[in-house]
Amino acid sequence: MTDLLANHLIDLLALQQAGLARRELLQLFDPTTTEPELPLDLPPLLHEAELRSGRAAAWALLERCAELGISFHPIFAPSYPQRLRRLGAGRPLVLYSRGNSQLLEAPSALCIVGTRQPDAAGAARAYQLGYDAARSGAVVISGLARAHRGALSAGGAMLAVVATGLDVTYPEEHAELSEQLLAHGGLILSEYPPGVGIARERFVQRDRLLAALADEVQVAQCGLHSGTLHTARVARRLHIPLA
């Protein structure tokens, strides 16, 4: 990241930490509507004390991410995935990642989703879909679950999108899979900074990223109240093929 982009990142994180509204942050940093320049022409919405506090929090976040080996992908950076731009104003301002960030722009990406409590047939289907997709050369996108176990067995490329900070593994039994994914050149992605834990609404938010990052979405199994339905709805809204 260039010095200019790094400065923009500090400004973005500082304002975010200070509590500036998302719509204001988009107006300041969205490269499709503006070209950020330093110093930023900030709206008169924050007190100087809030800005100082936000900047201190931003530096602390940068240091914490460096300790954890976490990379940043702000909305104005070249590393920000182009596929997410189809979410419009709903796309994240900043993404956090561990692993091979080149997978964000892979030529072929397939999302595989399913209920978190599948029956034996659903679990087997998720595994097989992941295996087959990896063998075909596609990056397998999922929520760090059974499809990734199949992709891992096939020696394929894997991208996991999680609904917590990257220092939190949920459920805990997926910790080994997470490390295996990274060891085999995969990527774990989140829109949440370190320290953010489990919340129901964050899984719903995560589902839109699963769909938007993919060229196709495949459903292994879906219950009537499964979060998988959220991913499927996003895929249809964005005109992403759904199977």
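I began with a crossing: α4 and α5 cross in a right-handed sense. The model I am reading is a predicted one.

I looked up the geometry of that pair next. Helix α4 covers residues 120–136 and helix α5 covers residues 146–153. I find their axes 7 Å apart, packed at an angle of about 40°. That angle makes α4 oblique to α5.

Then I listed the residues that meet. From α4 I have A123, A126, Y127, G130, Y131 and A134. On the α5 side I noted R146, A147, R149, G150, A151 and S153.

I moved to helix α3, residues 48–68. What end-to-end span should its 21 residues give? At 1.5 Å a residue I expect 30 Å.

Which residues of α3 are buried? I noted G54, A58, L61, L62 and C65. Viewed down the axis of α3, these buried residues fall within an arc of 100°, so they line one face of the helix.

I checked what that buried set packs against. The partners are α1 (3–18), β1 (71–74) and β2 (94–99).

I then turned to the face of α3 pointing away from its buried side. There I found the exposed residues E48, R52, E63 and E67.

Last, I looked at what comes after α3. G69 follows the helix, and its phi is positive, near 70°.

Notes: Residues numbered from 1 in each chain as written. Predicted model: local features only at pLDDT ≥ 70, side-chain atom pairs only at ≥ 80, totals over all residues. Heavy atoms only, no water. Helix = DSSP H or I, 4+ residues; strand = E, 2+ residues; numbered from the N terminus. Expected span 1.5 Å × (residues − 1). Buried < 20%, exposed > 50% of the residue type's maximum accessible area, 1.4 Å probe, protein only. Arc of directions from axis to C-beta. Contact = heavy atoms within 4.5 Å. Axes fitted to C-alpha atoms, helices over the stretch in contact; angles between N-to-C directions. Parallel < 35°, antiparallel > 145°, perpendicular 65-115°, else oblique. Left-handed = near helix turned anticlockwise from the far one by under 90°.
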